[in-house]
Protein chains: 2
Amino acid sequence: MTNRINSKNRELVERARQVIPGGMYGHESVALLPDDFPQFFGKAEGARLWDVDGNEYVDYMCAFGPNLLGYQHPVVEQAARAQALLGDTMTGPSEAMVTLAEDFVGMISHASWAMFCKNGSDATSMAMVTARAHSGRRKILVAKGAYHGASPWNTPNLKGILPEDRAHIIYFEYNNLQSLADAVKLADGDIAGVFATPFRHEVFADQTDPSADYAKGVRKLCDDVDALLIVDEVRAGFRLTRDCSWSLLGVEPDLSAWGKVLGNGHPISALLGSEKARAAAQSIFVTGSFWFSAVPMAASVATLKLIRETDYLEKMIAIAERVRAGIGEQAAAHGFSIRQTGPAQMPQILFDEDPDMRVGYHWAAACVRRGVYMHPYHNMFVTSALREEDIRKTLDGTDAAFADLRQALPNLEPQTKPAVLARIERARAA
Amino acid sequence: MTNRINSKNRELVERARQVIPGGMYGHESVALLPDDFPQFFGKAEGARLWDVDGNEYVDYMCAFGPNLLGYQHPVVEQAARAQALLGDTMTGPSEAMVTLAEDFVGMISHASWAMFCKNGSDATSMAMVTARAHSGRRKILVAKGAYHGASPWNTPNLKGILPEDRAHIIYFEYNNLQSLADAVKLADGDIAGVFATPFRHEVFADQTDPSADYAKGVRKLCDDVDALLIVDEVRAGFRLTRDCSWSLLGVEPDLSAWGKVLGNGHPISALLGSEKARAAAQSIFVTGSFWFSAVPMAASVATLKLIRETDYLEKMIAIAERVRAGIGEQAAAHGFSIRQTGPAQMPQILFDEDPDMRVGYHWAAACVRRGVYMHPYHNMFVTSALREEDIRKTLDGTDAAFADLRQALPNLEPQTKPAVLARIERARAA
């Protein structure tokens, strides 16, 4: 188990250290993960992933979200390939852009228009600028600890960031209407927009669902002061429902930011908006060299069609709930108390009595060694491509990982990575 | 000529108006262009482009830069396709990321590391944040009118933008060392970085080259105050030389931002840096859902190899200079005085005695009607894929367009689009 081959990964890590700061950066860096997590991957198909040494995994990260319907989904890839043979990045957009906007807007109740971009951060930043252009006001309300991207106004790390970059951001407590009302009061009439994630999904912390009362309260507060309500769907979009996630709570935002799953792995994100926000969106200047490329748009048209016309969602939820139930029973059988929070299809698994995460880290690493890619501190993502054999492999692996953990428990080394300890501290304080 | 079919384009423009604010946005919008410019394209290959109605063009915009070696370049597409069959957006990067960083850093004299992203704006914003992280200082110096992307700190349109977004940006005159020295003085010791484009390439204006004395002076001023020099190669990269553009002037920056051409149309951009800036780059947090996708990296590895091992550059320059010379002779023969500025492979063509651009607009539209896609106010881009027949078609088209213009000249309608007039005004003031 521990004799897995990892020579190619180690070689690449060494080479990367020479030519990439820190060897890797961003959300796919394994710097904060146990050593068993490979950094470099060679292949992906369906629900499976292979690292550069050929070790195979049932993948519960899905590229941190984008893999909704299965890596290399034949229908999506065929659409992408057909478009690639015509043209991708051209001197203007293709017909696929119009079709995609029509199809997308047709699926999302609150939306009457769409603008496409590349990064989730592009979409959330465009939402912020649009909200300010709409009213000419400045303050943007954001839940404390919520991740809305990695631009200067929202990156969680303050290195190189100035107070002015977030001078007009006001923070409030998620799922706490009083805290939001206080923030609105603090804005003193100068409020442009309020950001909301569909549910609370933060690293190193349990996930929590908003109540319908909360969501409706946010909508009402926004209406009272004529601020735009922005739902950030980048992480959760199309994993909870086929409409905007807060439609499940009976609330329609004015703007919604989408990314990750839109092209099932092809690079594209989007800002959608209501009629009310159209003029403001039209007034701003945003663009990018590859925002109008045709291939990701053709892939997105195909992805949205599959979202509309297949039972991917019901299948994904059913599978995810089976995996969650199985892991819950295993944990209990092995005498562990765990918290599985958030929707089963975007699970977070944390252990009780694990203040420095040494327990969760050991279990996740033991899963990885057994070919089940589980993440110890970031919410995971389930793909609808999981099959019976994947579920079997998963539950065999997680069960063995609990047994491994039981045996190792008395001698677990304390968590030593300072960056991990700092993140745990930060999550606890939030 | 004027009876070209454009029904499909008109239909798409109508449909787009319903579901996209303004029908289109960003740099590929034709809102400021003559009506003959199609908005939607169906196909691209080599140096040719077809609009959705099947009208064929020799393309002098190259997707606003990305098409360096020819649309659908077989070698690049084969590398992309081979990688796509393995995996693209996965739970971590692929070997291609390391190879690309090694190859790229090996080509750029000043660079010892690379970070990859999606938009040109990502790379320039990362440069800004890295410069601030490096020294802990705040001020960033930017040439007046220079385009470095469309983020809140640099978008040319102030709708939705706050004074705080650019509170610590100081503007100076390009190619004017005294103006730069004044800006440095104004920064009063609080200076983090200085941006420079390889040459001055602004819309609605003649392009100008910096002198070597200027470039060396910028380098010296940066060294004197320990500010990082950032060359923004997003637009000009690999069209002037196979190294950083200012290497032609004997100057090495600390950071360089790249995009557009890197994957010959595949979506990828990059920040490169010297050893001195490595720790700062490592300290910041930046990321994006698709930044580590393997296909654009495999395409970039293939593109860089072609850049290193073929005579694309010499060929491109030779062709571009022939086209420039041909257009110059034609203009003179038809009695027009034009200014062709900037490198021939990134040409800007403006007419003398054309205060409201009606003359340039008519000529560019006449070219477009004859299958030669020329832009009236944005610098153009030449691809190395142009062949003899393309050059012939180009010069036949441009000659006929001059004749057309000569005939139409007495009765040209004045420029009426307010947005165009405003841009002309702004360019004149700069």
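In which strand of chain B does B:Gln340 lie? B:Gln340 belongs to strand E11, residues 338-341 of chain B. Helices (H or I, at least four residues) and strands (E, at least two) are DSSP runs, numbered from the N terminus.

A quick word on the ground rules. This is a predicted model, where local features need pLDDT of at least 70 and side-chain atom pairs count only at pLDDT 80 or more, while totals for chains, interfaces and linings use all residues. Residues are numbered from 1 along each chain as its sequence is written, chains are lettered from A and ligands numbered from 1 in the order in which they are written, and side-chain values use heavy atoms, with hydrogens and water left out.

**Around B:Gln340**

The side chain of B:Gln340 reaches the backbone oxygen of B:Arg324 at 2.9 Å. Leaving aside residues up to four places away in sequence, B:Gln340 touches B:Arg324, B:Ile327, B:Gly328, B:Gln348 and B:Ile349; contact here means heavy atoms within 4.5 Å.

**Two helix pairs**

Two packed helices are described by the angle between their axes and the distance between the axes. Axes are lines fitted to C-alpha atoms, for helices over the stretch in contact, and angles run from 0 to 180 degrees between N-to-C directions.

| Helix pair | Angle | Axis distance |
|---|---|---|
| H10(B), residues 358-369, and H11(B), residues 388-408 | roughly 135° | within 8 Å |
| H3(A), residues 95-107, and H8(A), residues 294-309 | about 30° | 9 Å |

Angles under 35 degrees count as roughly parallel, over 145 as roughly antiparallel, 65 to 115 as roughly perpendicular and the rest as oblique. H3(A) and H8(A) are therefore roughly parallel, and H10(B) and H11(B) are therefore oblique to each other.

On the H10(B) side, the residues that meet H11(B) include B:Trp363 and B:Arg369, and their partners in H11(B) include B:Phe402 and B:Asp404. The residues of this contact of H10(B) with H11(B) divide into eight nonpolar, two polar and two charged. For these classes, Ala, Val, Leu, Ile, Met, Phe, Trp, Tyr, Cys and Pro count as nonpolar, Asp, Glu, Lys and Arg as charged, and the others, Gly among them, as polar.

**Where the chains meet**

At the interface, 95 residues of chain A are in contact with 95 residues of chain B. The two chains bury about 8300 Å² between them, 60% of it on carbon and sulfur atoms. Buried area is the accessible area (1.4 Å probe) that two parts lose on being put together, summed over both. A:Tyr25, A:Thr91 and A:Phe285 supply 10% of the area that chain A buries against chain B, more than any other three residues.

Key: Polar contact = N/O pair within 3.5 Å; in protein donor to acceptor, adjacent residues only side chain to side chain.
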